[in-house]
Each structure stands twice: as structure tokens, then as C-alpha cells.
Amino acid sequence: MFREDIAALSTPPGEGGIGIIRVSGKGIIDKISKIFIPFSAQEIGQRRGFSLNLGWIIDDDGSKVDEVLLGIMRAPHSYTGEDVIEINCHGGSMPIRRCLQRCLDVGIKLAEPGEFTKRAYLNGRLDLTQAEAVIDIIRAKTDRGLKLAVQQLEGPSHFIAEIEDQLLRVNAMLEASLDFPEEVGDLDYAETKAILLTIKKLMDKLIRAGQRSEIYRDGLKAVICGKPNVGKSSLLNALVKKEKAIVTEIPGTTRDVVEDYINIRGIPVRIMDTAGIRQTEDIVEKIGVEKTREVIEQADLILFVLDAGTGIDKEDMDIFQEVDQSRLIVMVNKEDLERKEISEEKLAELFRDIPVIRASVQKSIGIEALEEAVESRVIQGMLPGDGMEIMINLRQKNALIRSREQVESALITLGQVPLDCLGVDIGGALETMGEISGRTLKDEVIDRIFHDFCIGK
Amino acid sequence: MNYEAGKYDVVVIGAGHAGCEAALASARMGCSTLLVTLSVENIALMPCNPSIGGPAKAQLVREIDALGGEMGINIDKANIQIRLINTGKGPAVQSLRAQADKHEYGREMIKTILGQKGLHLLMAEVEEIETVDEKVNAIVTRTGARYQCQNVVITTGTYLKGRIIAGEVMYDGGPGNQFPAVKLADSLRAMGIRLGRFKTGTPPRVDRKSVNFSKTIEMPGDIQPWRFSYISPQPVREQLSCWLTHSTPETHRIVMDNIERAPLFTGVIKGKGPRYCPSFEDKVVRFAHKSSHQLFIEPEGRDTDEMYIQGLNTSLPEDVQVQVLHSIPGMEEVRMIRTGYAIEYDYVIPSQAKLSLESKMVEGLFTAGQINGTSGYEEAAAQGLIAGINAALKVQAREPFILKRSEAYIGVMIDDLITKESDEPYRLLTSRAEYRLLLRQDNADLRLTEKGRQIGLVDDFRWAIFTEKKKSLAEGTHLLHKTTFTPADKDVDKYLTSKEGAPLRDKTSLWEMLRRTEVKIEDYLNQGWLPPFQPEILEQMEIQAKYEGYINKQQEQVQRFERMESKRIPEDIDYNQVYSLSNESVQRLNEIRPQSLGHASRIAGVSPADINILLIYLAKRRN
């Protein structure tokens, strides 16, 4: 009866021992199979109902997100009457959210408030007399949910309003030129492009600010990078104080991104070690290098490791040029060596306004200073964002990201496709944006046309 | 004393653009039909702008034509200029627009009406619609003639309690100094139908001989002969020009100096006017920073010297109108033939009708056109067609004909009218359509002709043309898919190089290659890759290939949309019995009585939670 598969966090958000993600729908077994690696040999598709399955939820690059216990309930013997999977996550709030994100990545939709209960009723799993109770639940959850979301948005609401306003403006410009060609004339491409860029920038800002709030709630994404054999894996190990990445003397042996969750002075940090960024012909390593670039791009904080023994060479500078310097902490490793090739003057000259830590991972020198630098970056708000304290929930973030995709698509196709096709993206971006505030913004475009343009020949 | 004058299946009151379509459709579907008009001379009158088409409106005309209506054929017979506008903005918004010879337009329509089998014409004023048990039973004219009928289509335009205003001068009247229909409005009120009041206006007309065209810019028609109707013969009409001029700071000063005499600002005019067609004085006040507005001088026909001043619609006093005209370049010495005026009129609040345009309260009572609070000849004609079709279907005891928003602009318009409250006359815009890329003027026949055939409106002649076109289109499409090239083909390589396109990388079909912006389907003919086809077949294939990605995207949206549309709400639902609906929702749902959950979701004030509740209620009912 329902074509879409849905997922939602079923336990209250926040810190807790475990958290449960509930997934329901016809295609969920196939979809979850793509992100779940069982410990047993049996795929979950072959498992019967009411079975528990231990395994890993994995990222799209195959890395492990969380160890989970998966409960499978086969239709019709489940709460909703459909196939249901309950994912019991263990790793605290951040892995739970990442597991949910993985479900969404494979095409499962975020459930509406009360949707599981609605399905339960419509699929005949709840008694008729329970119908009214179901309605109360939906009414309460929907109305309260919307109210809550709006309250939550109070902080950035002027931001949302600004994005909506600009989107309405650009939609009105486009539609006016289509519906009133003689009064309005052709669309001004330069202006359209400028507005779309402004919108994109605002959306980026908001999404980033949202990520910042996630840092407090869920932790910080940090990545260790540097050329091979400068001691990146050793640093990771020192920080998590356990062997995780393979450490050798041969450059290029850390091929995958290796990660762990650590706690730096109360701030949860998801820290990743990367394959050395190096020009390489080795295919396996090449994949690792590309993945590294991607991870660095998404990180909130970049720990850039240098080797005091080898000095700063072109390879180091190439990496330095590639990363975003506003998120950087430089760490000069192997300070314990006799012959140091890096001078204070050189560091001051190269890394102006960037914190530089001198350390020796092997001798446990400088780890404290590094932790302090990380903490002060978070506390002083040096991380991307602009001091906005914003809570954006996953639903709002998803809408923002989808809307931004449409804006980006419009920016690419602007001037390449006719205006009616461009309208599919620009109008779509507006419609998606409306999901955040629960308004049908499309209806406001026509009002906007009459407000902005002198119509009527 | 009333007398029994006859009996008809369907009576249509009013012979404007809606009435003509309604009457012709009903008669063509085999129902005995009476068309009653206040004035036979004014059949299919264009009391305002002598023009048909434009964005969204051209699509409507094509849809009317595809279903077997008359407007497209008639404007092809009676235009003095026809152009394709919005070219280069995409296939979905490209639209034809014609200047009409308004007298010829009326004459041609009268010929068609009088020549239609099963259709009788009567000049009279209908004063009363007689009902029995909330069902239409008869109509009675001012002169006492009583006609029995179970179905009435009211298409009285702006005549209901019409009131003309120009400055301090006011009198009761319809457009063009016609009589207003007063008693009919009372008859409708007596049936419990709620009426609202709107305002619209028209500009002054001037004498061609007194215009100094050397101070204006000539706007000629297109050289390429266009036609609206899919079945009209290839046009060979001489094109007349229009002329462009503009208002001056002096014009605006005159308006502002006399603003206290403008009925729009003194409170004399209470009806709400359309924002897309504001009075000139309104534009001057609202857009005070603009020192000039465009004005088009348009001929009203071949055999008249009257010229229409597009953009100057006004209800300023007559003496001010003359001053305004004289301040405009090219019109310094102009003689005014007709004074511009505003008209206020009663309309039926359209949410009282079903999607078939039949009243929810009175069985057999249909309304269409301006009386439903719309504006525009095309909007009127399209509603007239649907109301006429549904009146005839009712006579034949068949299901009503309803077009969805995903199928036609007609569907968008009627759904909007019934569902959304509007405080100004409704005009169709392409931006009102969610699935604009699918509702193009080039494919209206492909969308609707089969439906028209099922109804019984598409005759053998049109059907033969349509089936031939479909066959040819299938052949061409097959050829484009079947013919493939590889990077080794020298011809293609040379062709692509000459177009500054990238060379082929893989085996590619002609269809796939057409997606490239630099590739045009005519080139295929020149290269000998494709045998000749009719231009409209080529156009159709090119659009379908070039925009396939976007078209598919919209088709997916349509599938999602239709899922909700297919969830029917039974007619006898009692919203007061539905637990937990908000009061506002109950009120709105009772008023509009939506036919599906999709329809309900478009009503302002009905929240997503309400839709979920309805979904659950309906499931409970089924069990």
C-alpha cells in the first residue's frame, strides 16, 4: 500500500547507552543489506523474522560506522504490518545519527511524525477502536513537531526568511519573464546568477552553522593529514591510546582512512587518519589518496603533520595549498630528533595566524598542547560558521541540502537550457525550501510578481 | 403572462466566448440546445482587447481545439496578425498570439452557430431560472416565454448587475453600452447562490486617421504563417501591424493632477480589479518611480478605423482621458471614438461549483466564464466548453468530464477556481501549472484529442488528421531511435565539427544526438539521415528528444501527484463526523467538498495532519 520505505530514530535523542532506529517498508531488507555487514555468514535477506543479527553498519567507502544489533520482523508480523528492521546502535549519539544518515543514503525516506503508527493502522495492525487514539498521536506529533521545529528555527529564522525571500525573488523574475514577456522582457542572466550565488552562499552558511551545532551535540570531525611517514598513524594511536592503524617504516602503508571516536577535553571528536597524500602510481593507494581528499574536505578540523627531521619540502607545501587553512592546526612531529630542519622563522613565515604545535608523538611531547589547541579552536569559535548558535534537525538539514542541490543545478544549467526547463530547478528549490517552514511558497510567487514588476500593458 | 415556448435538453444563457463553446459542444454531442442572447449582433463580442492567445492562453486555445471546440478555428478565420511569442524561452512557454478582427470574429462565429444542427438561437433576456426540488426545471424570459429544460449553462460574463463608471459618470449597463442582466442575478440569489463583485476596465478607442504613426514604432506580424487550430487550412492572410508608443512624464502629471476625480481612489469603485490588468492611474500611483509605460496601438479590424490603446485601461473622467491621450507621442491630435470605462459586476463565487462546473446546490445548473470570476476570452471559452460537455453528458446519463492538473491547463484552471479563493478576477498563467513542461501548446492534440473523441466531440475529419499525425510521429520516432552512428562515421564527424560540437564517443542514435544543443532536426533532413516529415512532426520529435530528461522528471512528479488524486472521497462524507479535524478544516472542506485527497490537500487551511486524519477515516469507513 505504501511505496516508500521509511526510517526514524525511535529512542529519544541525546546521550544514552543505546539508540534504536526503526525502519519499515517493502524494500528495506534489500536496502539495509547494502549498509550492513553481518558477523555471521548469512545475509540478512536469508534471515527469518524475529531474528537478531550482530554486525557492522558501514559507510559508502566500506569503513565501519557502528557495531549494531539488527532485529528483523517480517511482514505482516510487525508493528506496522510491513517488513520492519530495528537497528540497535551502541556508539552514542553521533554514530546513531550516522547510521540513520546511512539509511537515508540508500533511498529510505525520513518518516513523518506518527507515520509508523499511521501505517500500523492502515495496514490493519491496530484495532478499529484504536483509530481515534492514532489520530490523536498524529495530530499531537504533527502539530507539536511543526511548532517545535519552528521554535527551534527562531535563531536562524531571519536566515531562512532571507533564503526564502531571495528564492521567491528569482522565481518571480523568471516567471514574470515567461508569463508577461512584453512588460518584463527577457530574464537578466547576470542578476539571476548573482541571486542564485547569494542563495547558495546563505545555504552553505546555514548548513555549516548547523554542522557546528552538531559538533557540540555529536562531536567534531577531525582529520590527520601529511605526507607519508611523518607520523600520522602514530599520532592517531597516541590520541586513542590503542593500536588501530598499521604503523610501519615503509611510506604508503596506511592505505585506508582509519578512524576512531575520542574525547578531547569533553568534546567528542571523530578522528580520522588518512593515507599519505602523495603522487602515486599504485592503484590501491591512489584510491586511498582520493578518499583522503574527500575526507579532508568534509572535516571540521585538519591536523597537518610535518616532519622536523626532513624539513618542509614541496610535497608538504602541495598538501598545504590544497587544504582549507581556516580549519588547520599544524603539528611539527619528531621534535626529539637531534638534527632539526625546520626553523621557528620558517614556521612563522609560512603559517601566519595558524596554530603551530611542536611535538614528538613517540616521546609523548606536545600531545597536551595539541589537545589544548583543538579545544580552544572549538571554544573560541574559530571553526567555520560565524558564531550562530543554530540547531537544525535532520529533516531541515535534508531539505536545505536538497534545495541547495537544485540551486546548484540551476547555476550549472543557467544559459544552457531554455527558461522553462530552468524553472524546474528554480521552482523545485523553492518548493523544497518550503518544507522547512511548512509553507507552500509556490503560491507566493504570483504575488511576488505583482509586487516586483509593473504588470499590465 | 408566461407561455410554454418549447423544451430543450440544454439551454445556454449568454452568447459570449463561453456561451458559444457551451452551446456548440452540447449541440454537437446530440443534445437539443437553445442559445439565448441579449443581442444577436454581439455574439462572440470582444468588448476589451482584440487579441487571443499569449502565454497559457494559447495553450488553452489549443486544448479547446483538440477537444473539438471552436475558438481556434474561429480566430484562424478572423485574425489580422499572428505571432509566436516567447520564442527562445522554451517549448513549454512558447505561445501564439493573434490580433483579431473583432467584427469578423463575431460574424464567423454567428455563421457557425446558425449552421449548427440541433442548435437554436434566441434573442431574449432570461429573468428567471425555475427550479423544483433544487433541480433546474425551466427558464423564463422577460417577454414571458417559458422553456422547459433540465440543464442550464449560465455564461453571462460581466452583464450581471453591470455598472459602468467613467469619472463622475455612472450608469447601469453591460459592456459596450449593452443592457445589464439584473433580474437573473436576483434569481440566482434566491436559489441560495452566493455572489461577489469584481471590477474590470477597458481603455479608450481612437480614430486611426488621427494618429501620427511616424512617432511610434511599427510592430509587424510574423512572416511565417501560424495557425491555432490543428485542422485549419494553411493560413494565407495579410498581416496588419500594431504600433508601440509610451506615456510621458506629462501624462503622469495629468493623471496625478486629477487623481481626486479617479473613481478608483475616491472609493466609488468597490469591486476588486485584477492586478495583471491594472488601470493606468493605478500604475502611475503604484509605480511612481517609472516615468514611462509602454502603450500598444492595435487595430480592431480590417474594415474599421477604431484603434485599441493597450495599456491605457482607465476609469478617469472623459475630459482627463482626452488630455492623457494628447500627451502621448503620436496621439497629440488624436480623436477619441469610445471612452474608456470601468465596469463592476456580480460573479458567482466559484467554490460553489463542482469540478464539472455544475452547481453543488442546484442540480443541472452550470456556470462558465467571467461569471465564475475569471477574466479573458480564452479562460471563458475553455470553461464554456467543459460546462457544455458536462451538461450534455448529464443529459446522456454519462460520467462528468474532468481534466486533471497534470493533463491540461483547463484542469489547472478549474481546479484553482473551485479550490482556491481569489480576491481578484482569475487569469491563467503558465506559472500556475505544476507540470508546465508537459502542458505545451505543441502537444495539446496528443494530450486531449482521444478524450474528445470518446466524449463525441471530435468529428471524423479531425480524427483522421490526428491519427495520421500520430502514425507519422511514431514512424519518425522509431527512425530516430533505430538509426545509429559510430565515431568512425565520417559524415557525422564532419557535421559535428561544422557545428563546433564534440565528436561522438560511442555508438549514438539520431535521437540521442538530438539532445545536444548544437544539433537541429532540420540538419538531419539536409544530411539525408531522415526522410522528410511535416514540420509539426519534426518539431514534436525535436522537443521530445531535446527535453527528455526534464520531461521525464515532470512525469515522475505527475505519478506521485496522481497517487493522491486517485484516493477518492465519497460525496456523502460528513466532515463533522470525522474525529479531530480542525474547525477551520471542517468549514473549508464542507464548502469545497473535494473529490479526492489530492484535491483536499490543495485547500488553504487544510493541513497535512488533516489529510492524514482523512486518510485514516476513509480506511475506517471502508472496513
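This is a predicted model: local features need pLDDT of at least 70, side-chain atom pairs count only at pLDDT 80 or more; totals for chains, interfaces and linings use all residues.
1. In total, 7 salt bridges are counted between chain A and chain B. Polar contacts across the same interface come to 16 residue pairs, with both residues at pLDDT 80 or more.

2. Which elements of chain A give two or more residues to the side that touches chain B? They are α3 (115–122), α4 (131–152), α5 (157–179), α6 (181–184), α14 (419–437) and α15 (442–452). The largest share comes from α4(A), with 9 residues. By residue class, this side of chain A divides into 20 nonpolar, 8 polar and 16 charged residues.

3. For the interface as a whole, 44 residues of chain A and 53 residues of chain B take part in the contact. The two chains bury about 4400 Å² between them, and carbon and sulfur atoms account for 58% of that area.

4. Chain B also holds an open sheet worth a look: its 4 strands follow the order β1-β10-β9-β8, and the pairing is mixed. Because β1 (3–7) and β8 (126–132) of chain B each have a single partner strand, they stand at the edges, and one side of each has no neighbour in the sheet. On average, neighbouring strands are turned by 30 degrees against each other, direction ignored.

5. Within that sheet, β9 (residues 135–141) and β10 (residues 145–148) of chain B run antiparallel and are joined by 3 bridges.

Methods. Residues are numbered from 1 along each chain as its sequence is written. Chains are lettered from A and ligands numbered from 1 in the order in which they are written. Side-chain values use heavy atoms; hydrogens and water are left out. Two strands pair if DSSP finds at least two bridges between them. Axes are lines fitted to C-alpha atoms, for helices over the stretch in contact, and angles run from 0 to 180 degrees between N-to-C directions. Contact means heavy atoms within 4.5 Å. Buried area is the accessible area (1.4 Å probe) that two parts lose on being put together, summed over both. A salt bridge is a side-chain nitrogen of Lys or Arg within 4 Å of a carboxyl oxygen of Asp or Glu. A polar contact is a pair of N or O atoms within 3.5 Å; within protein, one must be able to donate a hydrogen and the other to accept it, and residues adjacent in sequence count only if both atoms are side-chain atoms. Ala, Val, Leu, Ile, Met, Phe, Trp, Tyr, Cys and Pro count as nonpolar, Asp, Glu, Lys and Arg as charged, and the others, Gly among them, as polar.
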